[in-house]
Amino acid sequence: MDLTKRDVREITMSKYFTKKSILYWIIAVLVVLIGIILAVQFKANSSSQTTTATVKTSSSSEKASSSTKKYVAGKDYKITYSNTNLIDKATIQKGLKASYLTDINDLMNTDQQTGSNMAKIEVYYNKDKNLLVERLFKNGYSGNQDSARVVYDISQGKIPDNGADTDSHYPDLPLVYTWEKLTK
């Protein structure tokens, strides 16, 4: 049996593995690998987007369940500063904060147990004694009769222990701040 080089090649190289077919197989394998890689990346991207959406949704749900209604200035309540040449807004806000009168949700809350139930707040400035006189009007007030009065001593930066002149004649003092509930 005399084997030539051509016969050896034909015996060792199957008809399925010609040079052309090897090239096609390599291309086919590469296409499959690229497809797998793209599919894995797509799945990873879509799952991370799903996770992000879930986180956003859950945090929105927590906000909605933990907070009350969002009140809008000009629609639900109105704040007016007047006589700003006498006293700055920051000092007025400091006095209101000391009296716990800066939380709009609390002021608007009509529940007697948990809210302030306010209809209006007026703040007058006593320049001679360096005091803010805060008149509080609860919902249902009549006439010009306030429900409570709070005095804030600007010099001391607090509400005095003795109530400091809560009977101050506020009509003689300039009005510097008004908060008024507009919705019923």
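Tutor: Start with a definition. A polar contact is a pair of N or O atoms within 3.5 Å; within protein, one atom must be able to donate a hydrogen and the other to accept it. Keep in mind that this model is predicted.

Student: Which side chain makes a polar contact with the side chain of Asp 146?

Tutor: The side chain of Arg 135 does, at 2.9 Å. The two C-alpha atoms are separated by 6.0 Å, though the residues are 11 apart along the chain.

Student: Where is Asp 146 found?

Tutor: Look at the loop between strand 3 (131-138) and strand 4 (148-153). Asp 146 sits there. Leaving aside neighbours within four places in sequence, Asp 146 is in contact with Arg 135, Leu 136 and Phe 137.

Student: Is Asp 146 buried or exposed?

Tutor: Check the relative accessibility. Under 20% counts as buried. Asp 146 has 12%, so this residue is buried. Arg 135 is buried too.

Student: What kind of bridge do the side chains of Asp 146 and Arg 135 meet in?

Tutor: A salt bridge. The idea is a side-chain nitrogen of Lys or Arg within 4 Å of a carboxyl oxygen of Asp or Glu. Here the N to O distance is 2.9 Å. Asp 146 lies in the loop between strand 3 and strand 4, and Arg 135 lies in strand 3, so the pair ties together parts that are 11 residues apart in sequence.

Student: How many salt bridges does the structure hold?

Tutor: Four. One of them joins Lys 120 and Glu 122, at 3.3 Å, N to O. Both of those residues are buried. Asp 146 also forms a salt bridge with Arg 149, with the closest N and O atoms 3.0 Å apart. Arg 149 is partly exposed, with a relative accessible area of 26%.

Student: Which residues do salt bridges with shared partners join into one network?

Tutor: Lys 120, Glu 122, Arg 135, Asp 146 and Arg 149.

Student: Now the nonpolar side. Which residues touch the most other members of the largest nonpolar core?

Tutor: Think of a core as buried nonpolar residues joined through their side-chain atoms. The largest one has 19 residues, and Ile 121, Val 176 and Trp 179 touch the most other members. Helix 3 (89-98), helix 4 (104-108), strand 2 (118-126), strand 3, strand 4 and strand 5 (175-181) each supply at least two residues. Strand 2 gives the largest share, four residues.

Student: What does Trp 179 touch?

Tutor: Set aside residues up to four places away in sequence. The contacts then include Tyr 77, Ile 79, Leu 107, Met 118 and Ile 121. Lys 120 is also among them.

Student: Why is strand 2 largely enclosed by the rest of the structure?

Tutor: Count its buried residues. Nine of the nine are buried, so strand 2 is largely enclosed.

Student: In which sense do strand 2 and strand 3 pair?

Tutor: Antiparallel, over eight bridges. Tyr 124 stands opposite Val 133 in strand 3. Four residues lie between the strands of this hairpin, and Asn 130 takes a positive phi near 55 degrees.

Student: And over how many bridges do strand 2 and strand 5 pair?

Tutor: Five, again in the antiparallel sense. Find Ile 121 in your view. Trp 179 in strand 5 stands opposite.

Conventions
Residues numbered from 1 in each chain as written. Predicted model: local features only at pLDDT ≥ 70, side-chain atom pairs only at ≥ 80, totals over all residues. Heavy atoms only, no water. Buried < 20%, exposed > 50% of the residue type's maximum accessible area, 1.4 Å probe, protein only. Contact = heavy atoms within 4.5 Å. Core = buried A, V, L, I, M, F, W, Y, C linked by side-chain atoms within 4.5 Å. Pairing = 2+ DSSP bridges.
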